[in-house]
Amino acid sequence: MPLPKPVLLGCIADDFTGATGLASMLVRHGMRTVQVIGVPEAPLAGAGHDADAVVVALKSRAIPAPEAVAQSLAALEALLAAGARQILFKVCSTFDSTDAGNIGPVADALLRRLQGGFALACPAFPANGRTVYQGHLFVGSRLLSESGMQDHPLTPMRDPDLVRVLSRQTDGGVGLVGFSTVEQGAGAIRQAMTRLAESGRRYAILDALTDAHLVAIGEAAAAHPLLVGGSGVAMGLPENFRRAGLLPPRGDADALPPMRGHCAVLAGSCSRATLGQIGFARDHVPVLELDPLAQDGPAMVAGALAWVDGKLREDRPVVIAASAMPGRVALLQQRLGREAAGAMVEEALAAIAAGLVERGAGRIVVAGGESSGAVVRRLGVRSLRIGGEIAPGVPWTYAEPAGLHLALKSGSSGGRDMFLRAFDSMS
């Protein structure tokens with residue numbers, strides 16, 4: 001079925017939870033948004049909905065750069081065929097990457113295909129404590145390199161200077177639009193980016209400390225074919241389409257079918273935030289902590305599904321976690337190899353998710369981008385309708401054709417009580 005109207009904004013996200021956070025931002029600002037899982041295999045039809053924006057969720061953050069480029073270009077072609085007028089390449093708010101990519105190589109390829117010579121890059125998301133000042137990324141009050149991200153098992157971030165980080169990933173020049181310019185608003189930002197482009201720069205890192213900065217950045221980039229950034233940079237984009245008379249006011253962009261079924265949380269992230277959420281939940285609801293060092297995947301699955309018998313309820317969740325402190329993660333990676341260790345945990349959580357659904361679970365929170373990707377693939381989810389938020393950037397979604405509600409959160413998002421708050425919010 002063809003789309004009833006062209007998509008306005010097309011988005012390509014490099015992981016599943018990032019895609020959901022971006023879609024949530026767009027819904028909050030009045031765009032009906034559908035998230036599509038993986039590279040579309042058929043012409044986009046808004047997953048059957050009257051979508052203003054479509055977000056294609058890839059798992060491309062840590063794969064080899066040529067594969068990430070190929071997947072992203074395929075997603076771009078599908079979005080352009082659906083009529084997308086502007087493209088946003090969504091990356092993590094901690095700019096997760098290595099010196100080999102994948103942010104730079106993918107952005108370069110997208111720019112070439114769009115015949116654009118310049119793009120801004122801004123991962124700031126102040127509501128989640130991510131700010132950029134003088135080109136340096138902060139997580140709360142700490143530089144990125146001191147935030148815990150320096151120990152990330154796949155993409156350790158040891159340099160907080162985003163101009164340097166992006167410069168190592170592209171052969172194009174990278175400049176900076178600093179705080180004093182951003183503070184002056186959209187006109188000043190637009191002029192600064194024009195000067196950088198005319199001087200031969202391909203990218204500009206933009207400072208942003210507040211939501212008002214992000215709205216101004218979005219307004220300044222209204223005519224840009226490509227933007228690179230986190231969910232926050234999308235904040236000002238819906239208003240651009242309204243100004244152009246393309247997007248009507250909407251009061252029901254976050255509407256979802258009624259929720260039903262048992263509640264559960266699956267945690268695969270090893271971030272400090274997720275570990276704190278597991279610790280908080282332990283004092284309030286049943287929590288099972290899996291040990292990949294002591295059990296293989298099938299044993300973890302069998303043990304978890306036996307453990308949930310009699311514990312699943314509709315008024316409180318159970319929590320099943322394969323998260324661990326960095327030292328234990330390192331031991332598992334030494335034993336199995338980095339990729340094999342990650343795959344074992346992801347596949348186990350995905351199999352547990354399938355078992356929970358068979359046992360009547362209809363409301364599931366998944367913590368961790370890689371874990372979320374594995375779960376939606378195992379459940380056969382093809383698209384997600386985006387609803388209201390549990391926490392900044394973390395909405396409830398309706399998974400089709402599975403017919404259940406999922407909340408897919410990045411490891412670093414949400415407060416300590418999020419695993420309980422998520423289900424309280426359903427009322």
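Predicted model: local features only at pLDDT ≥ 70, side-chain atom pairs only at ≥ 80, totals over all residues.
The protein chain falls into domain 1, covering residues 7-242, and domain 2, covering residues 260-423. Taken over C-alpha atoms, the centres of domain 1 and domain 2 are 26 Å apart.

The two domains also touch one another. On one side of the interface, 25 residues of domain 1 take part, and these are in contact with 31 residues of domain 2. The size of an interface is often given as the accessible area lost when the parts come together. For domain 1 and domain 2, the area buried between them is about 2,300 Å², with 57% of it on carbon and sulfur atoms.

The side of domain 1 that touches domain 2 draws two or more residues from each of the elements α1 (16-28) and β2 (33-37). Of the elements on this side, α1 gives the most, with 8 residues. Sorted by class, the side of domain 1 that touches domain 2 has 11 nonpolar, 10 polar and 4 charged residues.

Salt bridges come next. Side chains of opposite charge can pair when their charged atoms come close. The structure holds 22 salt bridges, and 3 salt bridges are found across the interface of domain 1 and domain 2. E389 and R28 form a salt bridge in which the closest N and O atoms are 2.6 Å apart. Another salt bridge joins the side chains of R202 and D108, at 3.0 Å from N to O. Here R202 sits in strand β10 (residues 201-206) and D108 in helix α3 (residues 103-113), so this pair ties together parts that are 94 residues apart in sequence.

Aromatic rings complete the picture. A pair of aromatic rings is described by the distance of the centres and the angle of the planes. The structure holds 2 aromatic pairs. Because W396 lies in strand β17 (residues 394-400) and F423 in helix α14 (residues 418-424), the pair ties together parts that are 27 residues apart in sequence.

Note on methods: Residues numbered from 1 in each chain as written. Heavy atoms only, no water. Domains from an automatic or database assignment. Contact = heavy atoms within 4.5 Å. Buried area = accessible area lost by both parts, 1.4 Å probe. Salt bridge = Lys/Arg side-chain N within 4 Å of Asp/Glu carboxyl O. Helix = DSSP H or I, 4+ residues; strand = E, 2+ residues; numbered from the N terminus. Nonpolar A, V, L, I, M, F, W, Y, C, P; charged D, E, K, R; others polar. Phe/Tyr/Trp six-rings, centres within 6.5 Å; stacked < 30°, edge-to-face > 60°.
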